[in-house]
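Good morning, everyone. Today I would like to walk you through the pockets of one protein, and then through its aromatic rings.

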Amino acid sequence: MVSDMDERWLELVTGLSKAALDLASSAVTISQPVDGPVFGLRFIQDIAYQQQELERLLIAVLHHSGVPWEVLAHRYGVTRQSLHRRLAAPVKKTLTTGRNQRLELRKAEEATEHLADVAEIVFANLGRLGEAAAIWRQRQAEPQWWTNSSHYSFE
């Protein structure tokens, strides 16, 4: 039987893993040489949110394990007060909000599968690296190229 404390640790580290995988998946998606910047514009707000979520979970795990705010702040290059002011409330909420560990684990597994799928697509598209400059020059020459396809729709 898993103790409540072990269950909490599993929730935290599984949530942290999922957050890291989500961020990695978004970053890998925009690494495509031909369509990456187009996807990047779509995902930039998601990436900012994912980075904040990852930071919050990372600090929650470290602080919950006993790392003091002073040490965390030193690694950030900021004062303890500024880091505490920015992250204490979200970290406390993370530490007091129970999550369904099995659900979090399933989400992390799905995020891993998604990352593998995205990485495979990016790897396949790396062969297009040589033609990327020509494709982008062609787009640049086409007036409002971004409106000509639902694939590129920014609206």
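**Pockets and rings**

By class, the lining of the largest pocket has 3 nonpolar, 2 polar and 6 charged residues, where Ala, Val, Leu, Ile, Met, Phe, Trp, Tyr, Cys and Pro count as nonpolar, Asp, Glu, Lys and Arg as charged, and the others, Gly among them, as polar. This is a predicted model, in which local features need pLDDT of at least 70 and side-chain atom pairs count only at pLDDT 80 or more, while totals for chains, interfaces and linings use all residues. Residues are numbered from 1 along each chain as its sequence is written, and side-chain values use heavy atoms, with hydrogens and water left out.

A pocket here is an open set of points on a 1 Å grid over the protein atoms alone, where a 1.4 Å probe fits, with protein on both sides within 12 Å along at least five of seven lines, and lining residues have an atom within 4 Å of a point. The largest pocket has a volume of about 190 Å³, the volume being the space filled by probe spheres set on the points, which are joined across faces, edges and corners. Of its 11 lining residues, K18, A19, D22, Y49 and E53 are the closest to the centre.

The second largest pocket, at about 150 Å³, has a lining of 4 nonpolar, 6 polar and 1 charged residues. Among those lining residues are D22, F39, H114 and I121.

Finally, the charged end of R139 sits over the ring of W136, 4.5 Å from its centre; this requires CZ of Arg, or NZ of Lys, within 6 Å of the ring centre and within 35 degrees of the ring normal.
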